[in-house]
Structure formats: C-alpha cells, structure tokens
Amino acid sequence: MTMQVTHSKTPLVTRLDAMVIGAGVAGLYQLHKLREMGLNVRGYEAGTGVGGTWYWNRYPGARFDSQAEIYQYWFSEELYKSWQPSERFPAQPETEQWLNFVADRLDLKKDIQFSTRIVSAHYSEDTGRWTVTTDAGETIDTQFLIACCGMLSAPLKDRFPGQASFNGEIHHTGLWPKQGVDFTGKRVAVIGTGATGIQVIQSIAPQVESLKVFVRTPQYIVPMKNYKYSKEEWAKWGERFHELKSRVRQTFAGFDYDFEAPPWADLTPEERTDILEQHWQEGSLSLWLATFPEIFYDEAVSEEVSKFVRAKMRERLHNDPKLCDLLIPTDYGFGTHRVPLENKYLEVYLQDNVEAVDCRTAPIEEIVPEGIRTADGKIHEVDVIVLAVGFDAGSGALSRIDIRGRDGRALKQQWQQEIRTAMGLQVHGYPNLFTTGAPLAPSAALCNMTTCLQQQVDWITGCIDHALKNGKQTVEATKEFEDAWVEHHDEVASKTLVVKTDSWYMGSNVDGKPRRLLSYIGGVGNYHKRCDAIAAEGYSGFSMS
C-alpha cells in the first residue's frame, strides 16, 4: 500500500493502517514487521536519525552491558553474521552505526519521519481509530498505534532549582550534544553515580582539570571484561546463532547465561565463594543474573553476596574509610538495584584532582551562577555540570504524550494514580494502542533489551495479523485480564527484596510517582511462555471487535 496524504487548507492529514513511535531497537523491528504484513505503516522519530537510546545517549563512555553476541536481532541469520562487532561490549558510536546498518539493509529510513515529536494521540470510539498530532502540526489518522518509545527516554532534565542561572554548561547524559563536550582543563561536576554516571566519571577523569562527583546513593559494581573480537571469533558466534536465539528466550533475564549454580543451602562457604569469584572474574552481569537467584528474595544470601562485593570494592579503594563509607552500599543488597559494569571507576576517586561530595549529609540545594550550592552552605565552583540524574523510567515516555482513550480518559492521569498495564503490551481502555518497553513486562528493566523488545514486537505483530485476518478492527485488553496480570505481577514482586528498596526500578527517583515495581520479575522465560499461550488461545484476554 502507499501512504495517502490529503492536501488542503486544513492541516496536513496522513492516513495510515499503523504508525510506530520511535526508531530504536523496537521501533525499527516493528516497522519492518508491519511492512512485511503489507500494511500502510510509517515510523515517527524525534531524533534526526535512528538508534533510540543509542542516538540520544552519546555521552562519554556510553556502551551497553549485554555482550555483542546476544544484543542482536534474531530474525535474520544473514544479518547477524554480516555485522562485525569490534569488541564484547561495544561503545555508543559503534552501536549507533550497527542500528543504521540494520535500517539501511532493510531500507527502513524511507518510511521514517525524523525530527518529529508526537504531542498527542486521541482515540475515537466512533471510528475505532487514533488521531495523532505532531509538534509540527501534522495530523495522523491511524488504525493501530504502536508506541516503541523506550524504557529510559524521558530524561529528568529540570532536576534542581536555579539551573537556568548557571554561567557554564549543563548537559543531561540522555540529551548529549552531537558535537560532544570539551572537558579539557575544565572544572567539572557530575551529579549521579548510577550506571550512566559511572561510565561518564571513569571516562572524563583523565581529561578534566578537576572533577567533583556528587554522591547520594552508592552502587555495587562489577568490573567489565571487554575483549576485542576478531573476524574468526565472530564467525564462531555466528555458528551458534540458532542456539543463542533459542537460549535467550528461555533464561531469567534474556541473556545466554542463567541461574545454574546449585542451591545456596547445598554448598559450603568455600564453594559459594568459588562460584562468586568465578563470575566476578568473568566480567559481565553474570554475577548478578547467573549465580544465586536467592539474592532476590533471601536476606541472608543477599547479605553474604553483598559482603563479597563490598570486600572487592574496599580493596580497590585502598580501604580509605571516607571513600568506603561514601561509595560502598550498606543499606540495600547487591542486585536489588541496577548493577553497573565499570572499568577502573573506583580508582578515579584516588586521583588528586577528584573529590567525592557527600550528598547524604549535605544534599544539593540549588544551582547558582558559579556552580552548585549544597545544604552545608558551600558553593562548589565549576565550569561544566553533567546531569547523570536518570529518567522517568518505563512510564515517562508515554506520560509525556497526551494519550486519551475511551471516554476521554487520559493515560497520564491514570498513571499518576496507579501504573497498570496488561503485560506491558496494552492498557485497558486504549484500543489498538500497543506498547513495547512499558511497565509490568521484563522489558521495562530486567531483560537484555533486544531479547524482550523483539519478543514483544513479534507478539504485537501476530496479534494485529490475527485480528485483521478474522475481520476485526479493534483489539483491547479486557479489564479482567489487566486486573489479573497486575495482581500476579505484584504477588511475584512482593516476594523479592527489590520492592523493599528505593530506586528507579520502583519509581522512587520521581517525586509523586506511584510506587510499584516497573518491571516484571517473574523471569523472561516465564513471561514468554505466557505470551505464547495467550496467542495460541486466539489472544485470550484481548477483546477483538
């Protein structure tokens, strides 16, 4: 089909069978799949190019922490084998190049409208279609609306009072300028020590004149082992394509490794330490996601594993009492927050030109023209401020669009009261609106993203195809199905230690955000089985009319 555009004195109206918001990992694949179905579909992207996360997050040190061999598309063995990653954990520029390679191979860019932000999407019960508006005033009339907006794509940019008064430069890591930032000889402040802050800090420390790191919540870390990949080594991974493709769909977190150690209680202390040591040396997220599942629900096991990691961190900090107190967590367990991989991050604090500022005893009060004022009255004078302060995760990207469903209900208002979805695939009351990376699915946080996003795209595509082949025009999750999923989600979550902590996993980083674990923690393999069963039953729980 060809896209129909109506020209008149009234605003431009584009009529589509389906539209996709976002041109990241999920959006590109969703556009490809719907195009394969023969639908009149178009993608809309706020950036000037494809990549999603890997377009916006071009801050120093940005790289993913899923190994290149499994951070992949699985629909084409030829595509997998024809791209050559340079290393185990490629950096942002290479990942952006890879996604452009995929988009060009599939000739997707001709059907993506760049530099276009979606402002609103309103559902009409009379027509069963969505009316979508862009920031340029374009109107899109579409039957199906698929939001591939990303899990971490709503940056918390206006974080502190007085930011506009600062005389220097302020940059949010999720909105990093394409031209880059020159830190040479500059006095730099980094606010935030999560996974992103850690990557920035370890990368810019050699360049700056001085570095002040504002630390509020310390993080457990695991050292990254980042090997270079030769063509021969990549060819060996290519030979395992089908094995890996099957494997990642079945594991707890969508990686090629899983919890395979014997139960904690069956091992001696020495055996437990040997397993932890082996995974520490392995240099990936396997210490978190492939040792002992008990760290998620058994406080005694969580504490023992946490002690192991703390000891490793103290050794690297030369047992400096002030640094250890500030940078090593003690009030939550290893694995109940996002675990960052790092490369000599802790050693940065041993440099003479680096200062760790304790924001627990003296929080940041405001940004002033000269720099940052903390609660102790001190003004930290700097030239550049890097905001590594995170995102309104999971729900934020959709909440920032004026989405209105049946009876004029507003998704933003609903989610301000309670964040609910039907398996992260739909929300009751919003027919024909499908979501990837939305709350209450593993893809919101606890999954190798390419694994879970592709699975959701495949399910959504199958659901739309099933509806159309059966003469149905609308698909909507029933209230009963959504209620049951939310109850199951909460029941599984309540058995874990994660819900007892404060982190972006729980929405705790955004004032007033309803508290609920954003990601389904019942396991990727279990989630996939449930999705497959629903599809096999003719999409039970989803009303079609």
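Which residues line the largest cavity? They are Phe64, Ala68, Tyr71, Gln72, Trp83, Pro85, Pro90, Glu94, Thr95 and Trp98. The model is predicted: local features need pLDDT of at least 70, side-chain atom pairs count only at pLDDT 80 or more, and totals for chains, interfaces and linings use all residues. Residues are numbered from 1 along each chain as its sequence is written, and side-chain values use heavy atoms, with hydrogens and water left out.

**Cavities and a pocket**

A cavity is a set of points, on a 1 Å grid over the protein atoms alone, where a 1.4 Å probe fits but cannot get out; a pocket is an open set with protein on both sides within 12 Å along at least five of seven lines, and lining residues have an atom within 4 Å of a point. Grid points are joined across faces, edges and corners, and a volume is the space filled by probe spheres set on the points.

Three cavities of 30 Å³ or more are counted. The largest cavity holds about 70 Å³, and its lining comprises seven nonpolar, two polar and one charged residues. Here Ala, Val, Leu, Ile, Met, Phe, Trp, Tyr, Cys and Pro count as nonpolar, Asp, Glu, Lys and Arg as charged, and the others, Gly among them, as polar.

The second largest cavity, of about 40 Å³, has a lining that includes Cys149, Gly394 and Thr436. Five of its lining residues are nonpolar, four are polar and none is charged.

The second largest pocket has a volume of about 290 Å³. Among its 17 lining residues, Phe252, Phe259, Ile521, Gly522 and Gly523 are the closest to its centre. Helix α17 (residues 524–536) gives the most to this lining, with three residues; helices are DSSP runs (H or I, at least four residues), numbered from the N terminus.

**Cysteines**

One disulfide is counted, a disulfide being a pair of cysteine sulfur atoms within 2.5 Å. Cys447 and Cys452 form it, with their sulfur atoms 2.2 Å apart. The link of Cys447 and Cys452 is right-handed, with 95° about the S-S bond.

Cys324 is in no disulfide, and the nearest cysteine sulfur, that of Cys359, is 18 Å away. Cys531 is also in no disulfide; the nearest cysteine sulfur belongs to Cys452, 9.3 Å away. The table gives burial, where buried means under 20% relative accessible area (1.4 Å probe, protein chains only).

| Residue | Relative accessibility and class |
|---|---|
| Cys447 | 7%, buried |
| Cys452 | 1%, buried |
| Cys324 | 11%, buried |
| Cys531 | 0%, buried |

Methods:
Helix = DSSP H or I, 4+ residues; strand = E, 2+ residues; numbered from the N terminus. Buried < 20%, exposed > 50% of the residue type's maximum accessible area, 1.4 Å probe, protein only.
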